Amino acid sequence: MDVARRGFLRGRFRSVTAESRPPWALAEAAFLDRCSRCDACVTACPTGVVRVGDGGYPTIDFSRGECTFCGDCVTACETGALRREADAPAWTMKARLGDACVARKGVECRICGENCEAGAIRFRPALGGISRPEMNEGICTGCGACVAPCPVGAIAVSNPMEGQQ
Ligand code: SF4
Ligand code: SF4
Ligand code: SF4
């Protein structure tokens with residue numbers, strides 16, 4: 001069982017799976033073929049969300065910040081490992097709330113929702129109880145802004161299929 005899967009079962013997520021690439025990355029095999037591990041995207045990213053990962057390849061780490069989809073990493077990439085086609089989505093990643101969420105256990109907390117500019121996390125009022133967060137994946141951009149602020153590490157951003165393996 002991989003690390004991400006174990007984290008999912010415990011209800012506490014890692015901030016992102018280990019090999020999530022910068023936005024507009026080629027498919028993994030092509031990305032690994034093209035990427036020269038020059039670190040230009042790491043240096044270019046104004047939020048610091050790109051770091052050097054396994055094997056020296058860039059990886060996204062939402063514990064460090066969010067992606068604003070500015071495209072600076074793509075501009076800095078000279079090999080074409082990151083390539084922004086017109087209207088192409090940056091990635092398919094979405095945020096998921098895990099069982100570690102304290103609001104789901106009756107403790108007042110709305111930190112993730114307050115950090116989601118897209119409005120993808122809504123708190124549904126509960127009669128006589130604490131409002132609980134609900135994720136609207138259709139709105140979520142996978143920007144990761146909700147990940148680091150969560151006090152219990154309950155949010156992961158990953159591709160939708162990863163939590164179902
Ligand atoms: S799009 Fe901008 S914020 Fe997002 S990873 Fe690239 S450089 Fe960083
Ligand atoms: S910030 Fe974390 S603990 Fe608080 S409501 Fe959101 S997911 Fe739950
Ligand atoms: S990843 Fe971004 S858009 Fe999605 S829920 Fe978190 S803050 Fe909102």
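Modeller: Helices (H or I, at least four residues) and strands (E, at least two) are DSSP runs, numbered from the N terminus. This is a predicted model, in which local features need pLDDT of at least 70, side-chain atom pairs count only at pLDDT 80 or more, and totals for chains, interfaces and linings use all residues. Residues are numbered from 1 along each chain as its sequence is written, chains are lettered from A and ligands numbered from 1 in the order in which they are written, and side-chain values use heavy atoms, with hydrogens and water left out.

Biologist: In what order do the elements of the protein run from the N terminus on?

Modeller: The protein has 5 helices and 6 strands. From the N terminus on, their order is α-α-α-β-β-α-β-α-β-β-β.

Biologist: Which residues of the largest nonpolar core touch the most other members?

Modeller: A nonpolar core is a set of buried Ala, Val, Leu, Ile, Met, Phe, Trp, Tyr and Cys residues joined through side-chain atoms within 4.5 Å. Buried means under 20% relative accessible area, exposed over 50%, and partly exposed in between (1.4 Å probe, protein chains only). The largest core has 37 residues, and those touching the most other members are Val49, Val50, Phe62, Leu82, Trp91, Cys146 and Ile155. Among the elements that each supply at least two residues of this core are helix H3 (40-44), helix H4 (72-76) and strand S6 (155-158).

Biologist: In S5, what is the bridge partner of arginine 124?

Modeller: S4 and strand S5 (residues 132-135) pair in the antiparallel sense over 4 bridges; pairing requires that DSSP finds at least two bridges between two strands. The partner of arginine 124 in S5 is arginine 132.

Biologist: Which residues are the closest to ligand 1?

Modeller: A residue is near a molecule if one of its heavy atoms lies within 4 Å of it. Ligand 1 is surrounded by 13 residues, of which the closest are Cys45, Cys67, Cys70, Gly71 and Cys73.

Biologist: Which residues come nearest to ligand 3?

Modeller: There are 13 residues around ligand 3. Those that come nearest are Cys116, Cys140, Cys143, Gly144 and Cys146.

Biologist: What is the relative accessible area of valine 107?

Modeller: Valine 107 lies in the loop between S3 and helix H5 (111-114). Valine 107 is partly exposed, because its relative accessible area is 44%.
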